[in-house]
Amino acid sequence: MNPDLKKERDGASFDPEKIVNLLYGGPDRVKRKRKLESLALNDPDFQHEDLNFMSREQQYETQLKKSIMVVQKQEKHGIMGPEDSAHYVYNGAFKAMAGPFGLHTSMFLPTLRGQATDEQKDKWLKMAENYAIIGTYAQTEMGHGTFLRGLETTATYDPHTQEFDLHTPTPTGTKWWPGCLGKTSNYCVLMAQLYIHGKSYGPHPFMVQIRSLEDHKPLPGVTVGDIGPKFGYAGNDNGFLRFDHVRIPRDNMLMKYSRVEPDGTYVKPPSSKLAYGTMVQVRSFIVSEAAESLAKAVTIATRYSCVRRQSEMKPGHPEPQVLDYVTQQYKLFPYLAAAYAFMFAARAMVSVYFRSMERITRGDITVLPELHALSSGLKSLSSWVMNAGIEECRMACGGHGYSHASGIPSIYAEHTPAATYEGENTVLMLQTARYLMKSYSQSVQGEKLAGSVAYLAGVQPVPVAGRTRDVLDLQVLIEAYQHRAARLVHEAALQLRKEQQAGKDQPDAWNATSVDLVKAATAHSQYFVVKNFAARLADPAVDSSVRAVLTSLCQLHALHGVVNNSGDFLEDGYMTGTDIRQARRHINALMAKLRPDAVALVDAFDYPDGILNSILGRYDGNVYEHLLEWAKASPLNKTDVHQSYHKYLKPFLQANRAKL
Ligand SMILES: CCCCCCCCCCCCCCCCCC(=O)SCCNC(=O)CCNC(=O)[C@H](O)C(C)(C)COP(=O)(O)OP(=O)(O)OC[C@H]1O[C@@H](n2cnc3c(N)ncnc32)[C@H](O)[C@@H]1OP(=O)(O)O
Ligand SMILES: Cc1cc2nc3c(=O)[nH]c(=O)nc-3n(C[C@H](O)[C@H](O)[C@H](O)COP(=O)(O)OP(=O)(O)OC[C@H]3O[C@@H](n4cnc5c(N)ncnc54)[C@H](O)[C@@H]3O)c2cc1C
């Protein structure tokens, strides 16, 4: 063990195991988590060369082979349910890297479960759950991802044959991006515009076979392939797909909510947005993805910052650990705090999702708008912060952060698309804003608001001038976030009305106000995160040493948000210049307080080395010797003299020497 890391761990004010238990739901679940992770990490069948040293084709093949073994072994070991899979498959076997069955499990199966009738489930779900067929979720097209109502692929009902005719009428109607489509899937859930008797009914889901079950060749009328290399996601065959008048039977439309009768009569769903259900589910889970990815990057950068020594802080003194530079703490600690804040927000989001789904399954769709607004806002906020945080962690590791040996570039490349997929963040924030505007106007009309928007009914008043307040007090901070969110919602609503009063129609007024609307929706989501973090700490079951350190983190998270967005808090005089100055002082003091606990706090995320996959973030801190070992394994180092020397460099050098 590197002596610096040992010293850090010895000096911590709390036992990290207590936080591990808090994060993962108690000792039994932690035991299960570790067992499943280690089962996957130590399985010789899952070992392979570092993916960074492979071509894209090799990466796809490696991940495909592993995906198949994972499915077989899951059955053998009795690994079931989303929590087990997150440990064994997502983190353990795949180290959170994309694989070719990812969309089958994350979207194809959930869509069948959520959108198919019982008869349709009997027909396909068992086959899909047992991997007799592999599917994906084919929605986005080359021309449209965000605007679902703009999809061009058509499903035209023919009552004579009781079939749908699937067709891609234009180049931009080509399905583009669906994961696992290019080479792996033989089925897909296709989102296509439903047409009956020449009338459009909007996007609907259809179950479509695209490849032969005998030889995997595309079926007649189907053109399908891989979209080529991307920023990351090398192990995933994101694909394209076109149809040339492909016919499928009527009952291939997933008809749990809307139906087409044999004669072409359309039966409306209780809400047209129920067809978007899988997206809402995945958005709810992406908050966990964002929290985890940020936590991994922060773990790497924090441990490395204790091993790394650089410069002289005091002349003649030994070089300090770079984490002792307060500027380094200011880079990392706010993201450490954010990772915790989003871990707790993610748990809350998942439980809101399951509670809402219980009610929706019982036929109560009134919870849908709130679920959509909350999941859209939290997915966007968490993935934005994750993106900024991972990049900050990479830069905080100096030059070594840029190497794949740090593990950070892969984390970034694999998870940065969370800001785009499953709904582009700005677009989703505007969906949250739409709900906020509606709720606000209901409140103005005297309706009682409930759930996450209840606070919009009563804005905290601006305090009288000269009143001092303790900005370290979490209740004071929660009220400040609440006030800011309520004010920004109120002002966005006023601005929207002003734009309309100035002659703009609603869409133009909305567009003119959209920067304010995104700001208001972001503030609303941040308020939820801060309030939820503090509420988690109020649980009497939380150990006092843990509560002490997490309270500091929660204060840091909230204060950092105040200082970073100080204009919002100052603008109407709710906070004063003195408050902001105080907040900055408190941040410095909190960082000093957290410094001795930093390593224990990242250890408490409980990522074993196998999952972090980082030389810089190793638990034992033995960075330098392993860096060299890692570099030696690079394919370019297989021989001392690369064959290209003989082909290009040698004649070039010889010719130059001959000229002298
Ligand atoms: C240990 C832990 C480990 C962690 C593991 C975690 C792992 C998780 C990670 C999984 C990774 C999976 C990889 C995912 C790959 C990506 C897959 C995709 O991108 S797939 C492709 C993803 N693609 C996208 O996401 C596309 C994004 N685009 C869209 O979703 C839509 O086009 C839209 C929402 C933007 C607009 O829709 P449009 O129809 O034009 O609607 P309007 O605007 O006209 O609003 C009308 C009314 O409808 C309302 N409403 C709307 N939606 C919903 C809803 N869902 N519900 C309820 N209501 C909704 C709206 O509020 C409004 O209400 P009101 O005001 O009238 O009352
Ligand atoms: C790695 C990855 C995996 C994916 N996997 C799948 C999959 O499995 N299945 C699938 O169907 N799709 C998948 N997608 C596609 C993904 O869902 C879309 O890319 C995403 O929904 C964004 O749509 P877009 O690409 O059309 O972006 P665009 O909408 O074209 O966004 C471009 C810009 O326009 C802005 N913009 C667009 N509309 C508005 C608006 N109304 N108001 C304000 N600004 C706006 C956006 O904010 C953004 O800045 C995947 C994408 C990626 C990157």
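Select ligand 1: of the 33 residues around ligand 1, Ala86, Tyr276, His372, Tyr421 and Gly423 come nearest. Here a residue counts as near a molecule if its C-beta atom, placed from the backbone, lies within 6 Å of it. Two or more residues of this shell come from each of H5, helix H8 (277-307), helix H10 (368-396) and H13. Helices (H or I, at least four residues) and strands (E, at least two) are DSSP runs, numbered from the N terminus.

The model is predicted: local features need pLDDT of at least 70, side-chain atom pairs count only at pLDDT 80 or more, and totals for chains, interfaces and linings use all residues. Residues are numbered from 1 along each chain as its sequence is written, while chains are lettered from A and ligands numbered from 1 in the order in which they are written.

Stay with ligand 1 and colour H8, which gives the most to the shell, with 8 residues. By class, the shell around ligand 1 holds 16 nonpolar, 10 polar and 7 charged residues. Ala, Val, Leu, Ile, Met, Phe, Trp, Tyr, Cys and Pro count as nonpolar, Asp, Glu, Lys and Arg as charged, and the others, Gly among them, as polar. Domain 1 (1-97 + 277-635) and domain 2 (133-269) each contribute at least three residues to the shell around ligand 1; the bounds come from an automatic or database domain assignment.

Next, select residues 81-93, helix H5. Its buried residues are His87, Tyr88, Val89, Tyr90, Asn91, Gly92 and Ala93. Buried means that 20 or more other C-beta atoms lie within 10 Å of the residue's own (exposed: 12 or fewer; partly exposed: in between), with C-beta atoms placed from the backbone. Helix H3 (27-41), helix H4 (56-77) and helix H20 (609-612) are included in what covers these residues. After H5 comes Lys95, with a positive phi near 45 degrees.

Move to ligand 2. Its shell has 22 residues, the closest being Gln139, Thr140, Gly145, Thr146 and Trp177. Strand S1 (135-138) and helix H13 (425-444) each supply at least two residues, and H13 has the largest share, 3 residues. The classes are 10 nonpolar, 10 polar and 2 charged.

Now show strand S2 (residues 154-158). S2 pairs with strand S3 (residues 163-167) in the antiparallel sense over 5 bridges; strands pair if DSSP finds at least two bridges between them. Thr154 is opposite His167 in S3. The hairpin of S2 and S3 has 4 residues between the strands, and Gln162 in that hairpin has a positive phi near 55 degrees. S2 also runs parallel to strand S5 (residues 187-196), joined by 4 bridges, with Gln193 in S5 as the bridge partner of Thr154.

A second stop for strands is the open sheet of 3 strands, ordered S4-S8-S7 with antiparallel pairing. Strand S4 (175-176) and strand S7 (222-226) are at the edges with a single partner strand each, so one side of each has no neighbour in the sheet. S7 and strand S8 (residues 239-243) pair over 5 bridges; find Gly225 opposite Phe240 in S8.

Finally, select residues 473-654, which the UniProt annotation "domain: Acyl-CoA oxidase C-terminal" (unreviewed entry) covers. This span is 75% helix and 0% strand, with the end C-alpha atoms of residues 473-654 lying 73 Å apart.

Terms used. Contact = placed C-beta atoms within 7 Å. UniProt positions renumbered as here; feature names shortened; annotations may be inferred.
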